Amino acid sequence: MRLSEHIYKTFTHIKTHLVFVEKVQEVMLGEIVRVVMPDGRQVEGEVLSIDDGTVLVQTFDECTGLDIHHSAMIFTDRLKQAPLSPFMLNRIFNGSFQPLDDHPLYVPDKWWPATGYPINPASRERPRQFIETGISAIDGLNTLVQGQKLPIFSCAGLPAKEIVGDILQYARCPGSAGSEKGKFVMVFVALGLTHHEYAFYMETLSRMQTEFVAFINLASDAVVERLLAPRFGLTAAEYLAFELGYDVLAVIADMTNYCDALREVSTSKEELPGRRGYPGYMYSDLASLYERAGRIHGRSGSVTMLPVLTMPEDDMTHPIPDLTGYITEGQIVLSRALQSRSIYPPIDVLPSLSRLMQHGIGEQMTRKDHRSLASMFYKHYAKGRDVRVLEAIVGREGLIGKDAKALDFADDFEKEFIHQPGTSRSISHTLDVGKDLLIRHGLETFEDEKPETEKSL
Amino acid sequence: MKQSGKIIGLSGPTVITDAANLSLHEQVKVGRQNLLGEVVRLEKHRAVIQVYEDTRGLCVGEQIVAMKTPLSVTLGPGLLGMIYDGLQRPLAPLAEAIGPFIKPGPHLPPLDMKKKWDFKSSLEPDTQVEKGQLLGSFQEGSHEHRIYAAESAEIESISANGMTIDAPLATYKDADATRAMQIWPVRVPRPCLDKKRPHAPLVTGQRVIDFLYPLALGGTAILPGGFGTGKTILEHSIAKFAEVDIVVYVGCGERGNEMAEMLNELADLKDPWTGKLLMDRTIMVANTSNMPVAAREASIYTAVAMAEYYRDMGYHVLLLADSISRWAEALREISSALEEMPGEEGYPTYLASGLASFFSRAGVVQTLSGDIGSLTMILSISPPGGDFTEPVTQACLRACGSFLMLDTKLAHRRHFPAINWQQSFSLYEKNMIKYFTKEVDPEWGELIQRCRHLLHEEEKLLEVAEIVGADGLQDDDHILMTAAEQIRSQFLSQNSFTEDAFSRPPETCGRIKKIIADFDQAMDELKAGNSKNNEELTDNRE
């Protein structure tokens, strides 16, 4: 621990975001520095490595104007930390945790490191209880469970943004009794936004009914800040969940921008590139974000994560979706084919999967018949989709009765169950819509509605 | 403790020190918080240290203390039922001490040093014992925890009840005392008298494995599969149901929630073979993906050293690791931080030899006391993009005895376990068929042939059906396809969340026998011209 800030002017070389300073004594790995440019502007940076008094610093912002002889570096003797307080609710910050909404920063209650600490596996509680997103394809068939991390795999041109908007608007946490409302808050982290997207999200945030904390990083902001924003967001989420007892849903969009930023920064550090140029440690780096979702023994809150990513070239084996899929507990996949048939949200439920669904559904959580209904929907829809392939060859007329019925069901299932533009459904409504479809198509019979089934036959 | 030197450089997980009297692979304590590290490179005036914990916040000038021992594990009674991190830090006591987040902090002993154990021995003072001879045992849960003589010597005194693990159990006239606790360097295989050929099967309770691709006690198997193919669930099922004495489960760079799930299940479930609590036979090593990578690299060695320790008591031990790809990636990260020359896809060139020597720690052994023990390994692999041509899968393929390929297509069809029945193989098959034919059913070998044949024929018929349509197939083809479908849905697939999750070999055999007998009967009836029955069967297919 040092008693004062140290100032050095011994710059040796400067390379975009990297600055070397020599003859530094007493410096800490990860220490935050301020670089003072000749014109007096200041840029924050972080110590990346130290070798015999020569320090490599990465700056968080553009350093245009920096020179070797007239600049100074101030070593602050602290690590990157997030200022936390209950007053951060309903505030909007940038990627460096500075307010974007023209209000001053509150007096922080706690300072926690942005990178967080790993949850002790022995302290983890297994995820349970569901979070209602209001989207039938997710709630009914790929239920999001508290403490889970469930990514949305999108493709360029698909309405991921609108889906995120809907989730921000409508997601709620029905509480353990099914009716009582728990303490629910959303953390929204937007990475590399274009101005068009920015306008959309700002409008959405202004209509939010749930409490939220937002971190907005624009496409024009510094690349390094894109790596910081989700860390700050998750530190805020952990604070809200494990310190204040909220159930937190963290929505992060778009992770593809994050990974590209990671690649850019890694390359500038002259690190060895891995698959498609992404650094070899990308798995561990992504895990350091995704693994922050969870629940803890003896604490009431939870962190649930819904990252959104765009699959480059619609390719699910691309490193970004691939490594994400290895860490997360399932995935929600958007489909171009559904989009072209004007189904919104275009969620393809067949490749989608929520691995933890079974811990969040059933009596006391969603509904007693949820499990059996979900497997019926899945079975008949999958059958219908198989038939659709066959239909392409033999034509609709060539189908036998049973197959035609399955195909009709699949069509209607997409049009009525999956398709829900601009509306939100409660879980019970979702299940009823699907159940009615099964009955209408005479695919299943239910004890209390047998006569109606026969009528429709 | 004496300071050996200071930190002069820092970069990611590596620390450079000016300490002079260090030796290669020696453990060191780094900085004020005593972070654990290992010396990985020595130069004349400086040394490079790989730190196993988060280095953020370390300062130039902080102290380095040499520990004079390589990375080691503590072995002794009390290991069973514990959950450790990759460096054998006990996670449950750690959570009690510092809360639910892992921060640099106190170094807790891996075993309870205060607990008193009762030592049972039939030896008397003044007896001459040979090296490796059984001295006596502790009762560790339902297992007999055996202690052996470290040297040949004459016993001076031998202790009985109320022993802590660091107290001398036996003292000798001219050798060091034997204690319950011992320290073993993790990268050194524990010695044995002889390695034997695997001869008996390891029954996993999974029909597709036990029947088509049997695993031998002392064998090695790999489970490669893309994400969502059910690697972890399969590993969990095997950990729960395998017929072994001890299970060591390593969560190497995988999800924290899975470890929580596993812990919960083990605490509730009973071993189907003995009826005792599963947790009593299990040791868990959890180094999840967000915990430091260097400790992830160490985790599989920590686990295998503990597994060998129980093997040496004459137990059959199963080591499950999920996943070895994450271990290899940790190796790659460390290697690249040390600026070593990269090999294929950035992995260091010693990846293959490292894996091979790890695999070679499995086997059936004659222990120093002359007993037979075994260590079997089942390792999952997570190939990037589900592409099996990548270096880790390929290196494992050369070293392993059984390849259980998890198939993305089967997983999408919700067929679990998604083990592909065309490309998987088991080198133990021949010996194990001999065993099962003798012990379970004389038709075992023949049934396998019939089962394979049906699946193979179905494959051909499906190709034909794609061209001519299902209606273009003959009646006997329909019967065959019905039988093959039954094999797939009722025999090869097993729902791990129902009672069917576990199947004993006689049940496995009975089930396939029934399907094949039904098929034979239907074929006979068809031949006899009984077309009515045939129609019924075809209908059943729908």
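Predicted model: local features only at pLDDT ≥ 70, side-chain atom pairs only at ≥ 80, totals over all residues.
Two strands count as paired here if DSSP finds at least two bridges between them.

Four strands of chain B make an open sheet, running in the order β9-β12-β13-β14 with antiparallel pairing. At the edges stand β9 (128–129) and β14 (178–179) of chain B, each with a single partner strand, so one side of each has no neighbour in the sheet. The partner of β9(B) is β12 (residues 153–158) of chain B, and the two are joined in the antiparallel sense by two bridges. If you want to find this pairing on screen, look for Val129(B), whose bridge partner in β12(B) is Ala153(B).

There's also a hairpin to look at. It is formed by β10(B) and β11(B), with two residues between the strands. Gly141(B) sits in the turn and has a positive phi of about 60 degrees. Six bridges hold together the antiparallel pair of β10(B) and β11 (residues 143–148) of chain B, and one pairing to pick out is Ser137(B) with Arg146(B) in β11(B). Is β10(B) enclosed or open? Five of the seven residues of β10 (residues 134–140) of chain B are buried, so the strand is largely enclosed by the rest of the structure.

**The two chains in outline**

Here is how the chains look in numbers.

| Chain | Helices and strands | C-alpha span along principal axes | Buried residues |
|---|---|---|---|
| Chain A | twelve helices, 21 strands | about 85 × 50 × 40 Å | 51% of 457 residues |

In chain B, 68% of the contacts between residues at least 6 apart join residues at least 24 apart.

**Where the chains meet**

On the chain A side, 44 residues are in contact with 47 residues of chain B. The elements of chain A that give two or more residues to this side are β5 (42–51), β11 (124–125), α6 (282–290), β18 (294–296), α7 (319–327) and β21 (347–354). Which element gives the most? That's α7(A), with five residues. By class, the side of chain A that touches chain B has 21 nonpolar, 13 polar and ten charged residues.

Strands pair across the two chains as well. β5(A) runs antiparallel to β1 (residues 5–11) of chain B, and three bridges join them. In one of these pairings, Asp51(A) has Gly9(B) in β1(B) as its bridge partner.

**A closer look at α7(A)**

Nine of the nine residues of α7(A) are buried, so the helix is largely enclosed by the rest of the structure. Among those buried residues are Pro319(A), Ile320(A), Leu323(A) and Tyr326(A), along with Asp322(A). The elements that cover them include β14 (152–154), α5 (255–268), α6, β19 (302–310) and β20 (330–334) of chain A.

**The nonpolar core**

The largest nonpolar core has 302 residues, and the members that touch the most others are Ala250(A), Val251(A), Val248(B) and Leu319(B). Leaving out residues up to four places away in sequence, Ala250(A) touches residues including Val187(A), Val189(A), Leu234(A), Val303(A) and Leu306(A).

**Domains of chain B**

Chain B is divided into domain 1 (5–70), domain 2 (80–91 + 192–425) and domain 3 (444–541). Between domain 1 and domain 2 of chain B, the C-alpha centres lie 31 Å apart. Their contact takes twelve residues from domain 1 and nine residues from domain 2. On the domain 1 side, β4 (35–42) and β5 (47–51) of chain B each supply at least two residues. That side of domain 1 is made up of six nonpolar, three polar and three charged residues.

Technical notes
Residues numbered from 1 in each chain as written. Chains lettered and ligands numbered in written order. Contact = placed C-beta atoms within 7 Å. Nonpolar A, V, L, I, M, F, W, Y, C, P; charged D, E, K, R; others polar. Core = buried A, V, L, I, M, F, W, Y, C linked by C-beta atoms within 7 Å. Buried ≥ 20, exposed ≤ 12 C-beta atoms within 10 Å, placed from the backbone. Domains from an automatic or database assignment.
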